[in-house]
Amino acid sequence: MAVTKMSEENIAGGLQWLCFLFSWALFAFYAFQFRRQTCGWEVIYIAWIEMIKYVLEIWYGDQSPFTVRLMSGAISPWLRYGEWLLTCPVILIALSRVGASEGNYSIRTMKLLTSDQGTIIMGITAALSTGNVKVCFFFVGLMYGANTFYTAATVYLEAFRNIDDDLKPLVKYMTYCFYSSWCMFPILFVAGPEGFGHITPAGSIIGHTIADLLSKNLWGIFDWWLDYQVKVRAMMRNEEDDEEGEEGEEGDKAMVLAAATPPHTATVILGDPQGSLVPYYTKAFAKLPAKLAVVDSFESLLDELDDMKEAGTKVDMCLVAPTLLEHQEFDRLKSEHDVKIVVYVEGLAAIPEDSLAPFRGRCDDFIEAPARGVMVDESQLAQVFYRHATSLVGPTASIEAHMAAQTAILLAIQADIAGLQHNNAAPTGKGTMHTY
């Protein structure tokens with residue numbers, strides 16, 4: 001019996017460490033994705049709270065105030081309930097916007113939060129009670145929980161109906177993960193020390209840790225990936241945003257005129273290892289006479305160049321991340337394929353020329369990368385594109401293509417001049433002029 005108890009405690013401790021390390025890794029990953037504008041705050045918060053909770057549980061879980069010992073001799077794991085109060089509402093906030101329209105967001109969120117708070121409060125009260133009072137509060141909590149499950153089901157069903165077909169299996173996995181893990185909590189409550197004592201405290205920890213891994217960590221991964229896919233696809237499908245001001249209007253005219261000659265297109269390969277900038281550049285290049293291919297590694301870039309070379313397709317420009325520029329075989333792009341290399345750099349304007357000089361021999365141009373919600377500078381992209389798209393404006397291109405390219409550049413320059421004149425003519429509140 002002692003051996004069994006010791007083994008149970010060892011398993012519980014091992015699972016606690018596993019959950020802590022997994023939560024820490026997810027927190028670091030989500031923080032990186034949040035910096036790249038590809039992650040919501042909810043999953044970061046959940047991973048952070050989960051990590052702290054398991055640190056406290058591993059070292060101080062059986063001490064006050066994290067475990068409350070009642071006068072009746074029963075124990076109540078307050079740390080677990082506190083973590084539920086902090087994380088469950090955030091999980092349900094994230095759940096309420098899965099595949100949801102803005103009109104239904106607040107209604108479903110409020111329903112989920114209200115019923116979840118009722119479930120947890122009734123559960124805590126049941127844990128602190130005895131006899132028939134415990135049973136009554138437990139069943140009231142079950143009724144709140146049933147409303148949570150019903151509202152969650154409406155969210156999943158709507159998401160399944162509205163989402164792209166290839167993402168429907170992901171919604172199914174989220175649904176299975178949600179219901180299988182959340183159903184474990186009332187069962188563990190009844191069987192555990194805070195309920196009717198059919199399993200030991202270590203056994204309860206084992207069950208709750210497995211439920212946490214499923215309901216918070218694994219479900220959080222599914223939620224992040226689905227949210228990322230939905231955002232990327234929405235950005236790619238969205239119509240062109242209406243830009244105010246003369247600069248935006250002239251820039252659009254340049255793009256439309258340049259795209260008016262579809263038979264004459266240039267081929268561009270985008271090398272984006274993270275994939276976070278693909279929707280931005282896809283939208284921007286759609287306004288240019290360009291055919292865009294996307295790769296996620298240097299090896300894939302070489303393979304794509306080789307395939308296009310064999311097919312007789314000339315690649316005019318490769319727009320790549322700085323990390324690809326540092327690849328030891330990067331010079332092969334120039335020596336074997338004679339392609340123009342443009343590197344997108346975040347915060348390019350703030351980088352000293354001395355820092356860029358060592359890399360200029362390996363590439364043909366640099367361009368500012370979109371970051372922290374800033375969209376692509378389409379005027380700058382058009383100028384770089386026409387500067388290097390030799391098949392579009394080179395000697396073999398048609399007169400119409402030359403005219404479209406040159407006119408687009410002139411219109412972009414005209415738009416920049418008009419914008420500067422407009423800004424210089426606008427007085428400040430003190431009667432002074434803006435200067436740039």
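Modeller: Between two directions, angles under 35 degrees count as roughly parallel, over 145 as roughly antiparallel, 65 to 115 as roughly perpendicular and the rest as oblique. This is a predicted model, in which local features need pLDDT of at least 70 and side-chain atom pairs pLDDT 80 or more, while totals for chains, interfaces and linings use all residues. Residues are numbered from 1 along each chain as its sequence is written, and side-chain values use heavy atoms, without hydrogens and water.

Biologist: At what angle do helix α5 and helix α6 pack?

Modeller: Two packed helices are described by the angle between their axes and the distance between the axes. Here α5 (residues 131-162) and α6 (residues 168-182) make an angle of about 170°, and their axes lie 9 Å apart. The two helices are therefore roughly antiparallel to each other. (Helices, H or I, at least four residues, and strands, E, at least two, are DSSP runs numbered from the N terminus; axes are lines fitted to C-alpha atoms, for helices over the stretch in contact, and angles run from 0 to 180 degrees between N-to-C directions.)

Biologist: Which residues of α5 and α6 make the contact?

Modeller: With contact meaning heavy atoms within 4.5 Å, α5 contributes residues including Phe149, Tyr156 and Phe160, and α6 contributes, among them, Val171, Phe178 and Trp182. By class, the contact of α5 with α6 has 11 nonpolar, two polar and three charged residues (Ala, Val, Leu, Ile, Met, Phe, Trp, Tyr, Cys and Pro are nonpolar; Asp, Glu, Lys and Arg charged; the others, Gly among them, polar).

Biologist: In what order do the strands of the open sheet stand?

Modeller: Strands pair if DSSP finds at least two bridges between them. Five strands form this open sheet, ordered β4-β3-β5-β6-β7, with parallel pairing. At its edges are β4 (290-295) and β7 (365-368), each pairing on one side only. Neighbouring strands are turned by 25° against each other on average, direction ignored. Helix α10 (residues 278-285) packs on the sheet, touching β3, β4, β5, β6 and β7, and its direction makes about 170° with that of β4.

Biologist: How many bridges join β5 to β6?

Modeller: Four bridges join β5 to β6 (residues 340-345); in this pairing, Leu319 stands opposite Val342 and Met317 opposite Lys340. Four bridges also join β3 (residues 266-271) to β5, where Gly271 has Val320 as its partner.

Biologist: Are the residues on the two faces of β5 buried or exposed?

Modeller: Buried means under 20% relative accessible area, exposed over 50%, partly exposed in between (1.4 Å probe, protein chains only). On one side of β5 (residues 317-320), Met317 and Leu319 are buried, and on the other, Cys318 and Val320 are buried too.
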